[in-house]
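Reader: I have a model with two chains to look at, and I would like to understand the words used to describe it. Could you take me through the terms one at a time?

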Amino acid sequence: MDLFKSIAVAASGLRSQSGRMRVIAENLANADSGPDRAGAEPYRRKIPTFQRHVDRELDAQVVDLGRVQRDQTPFRTKFDPGHPAANAAGQVQMPNVNSLVETMDMREAQRSYEANLNLISSTRRMIQRTIDILRT
Amino acid sequence: MATPSFAAGAYASIQGMGAGGLMRKPSTLTTASDAGPDFSSLVGKALEATADVGRKSDSQTANVVSGRSDIVDVVTAVAESEAAIETLVAVRDRVIAAYEEIMRMPV
């Protein structure tokens, strides 16, 4: 039935958005994960990607969390001569995570999740109303 | 669905019982079962399908509790089983209402 299919498709959206949320959580949690020794790299920001594919069983396009890519923008630098990973100039490389950007991404994931939730509850209401015809 | 013919058959057979079994069993019953699928098998199949969906949602819930599955899967499985059960209950109510309607018929 098409209504159950749309619930399944929306569920795939929920799954991928929660995966995106996990990646954002990793970025935010590691916003200060600098290098522990000289020459080591700090945490590199992760970017979630979405992959669409046709579910043969459902006969509909669903979405999956694709490969999580790495952000190639340069790292932030911080002046901290006492840090064990500081270079000769006293600079330490810090992760290329901007917590403002992460917060906006989080809001976007939240909105998209809510849209999919609304679709599920609307679909359920439609099924419910259809069954209610039998009762009257 | 073979509902009206089933109700007619049931009515006829009960009428036969009322006569102390002396009356010959009406032929409507046999023609009803010959014509379409058996009503009891229909109900059995519907129950089987509903129970199957219910089992699926149960196992999904167990998976989530043990941390092996996503809560989204439980929500979809429970929504599906709820719809299946509600459809079954609604159809059952309608069939029983039709049967009672026939039983109230003055003879």
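Author: In this predicted model, the axes of α1(A) and α4(B) come within 9 Å and cross at roughly 165°, where axes are lines fitted to C-alpha atoms, for helices over the stretch in contact, and angles run from 0 to 180 degrees between N-to-C directions. Local features need pLDDT of at least 70, side-chain atom pairs count only at pLDDT 80 or more, and totals for chains, interfaces and linings use all residues; residues are numbered from 1 along each chain as its sequence is written, while chains are lettered from A in the order in which they are written.

Reader: Why are α1(A) and α4(B) called roughly antiparallel?

Author: Angles over 145 degrees count as roughly antiparallel, and the axes of α1(A) and α4(B) cross at roughly 165°, so these two helices are roughly antiparallel to each other.

Reader: Which residues make the contact of α1(A) with α4(B)?

Author: Two residues are in contact if their C-beta atoms, placed from the backbone, lie within 7 Å. From α1(A) come A:Phe4, A:Ile7, A:Ala8, A:Ala11, A:Leu14 and A:Arg15, and from α4(B) come B:Val72, B:Thr76, B:Ala79 and B:Glu80.

Reader: What makes a set of residues a nonpolar core, and which residues form the largest one here?

Author: A nonpolar core is a set of buried Ala, Val, Leu, Ile, Met, Phe, Trp, Tyr and Cys residues joined through C-beta atoms within 7 Å, buried meaning that 20 or more other C-beta atoms lie within 10 Å of a residue's own. The largest such core has 11 residues, among them A:Ile7, A:Leu14, A:Ile127, B:Val72 and B:Ala83. The elements giving two or more residues to this core are α1 and α2 of chain A together with α4 (71–103) of chain B, and α4(B) gives the most, with five residues. Leaving aside its neighbours within four places in sequence, B:Ala83 is in contact with A:Ile127 and A:Ile131.

Reader: Why is B:Asp38 called partly exposed?

Author: A residue is exposed if 12 or fewer other C-beta atoms lie within 10 Å of its own, and partly exposed between that limit and the one for buried; B:Asp38 has 14 C-beta neighbours inside 10 Å, and therefore counts as partly exposed. B:Asp38 is placed in the loop between α2 (27–35) and α3 (39–65) of chain B.

Reader: How many residues does each chain bring to the contact between the chains?

Author: Chain A brings 11 residues and chain B brings 12 residues. On the side of chain A that touches chain B, α1(A) gives the most, with six residues.

Technical notes: Helices (H or I, at least four residues) and strands (E, at least two) are DSSP runs, numbered from the N terminus. Angles under 35 degrees count as roughly parallel, over 145 as roughly antiparallel, 65 to 115 as roughly perpendicular and the rest as oblique.
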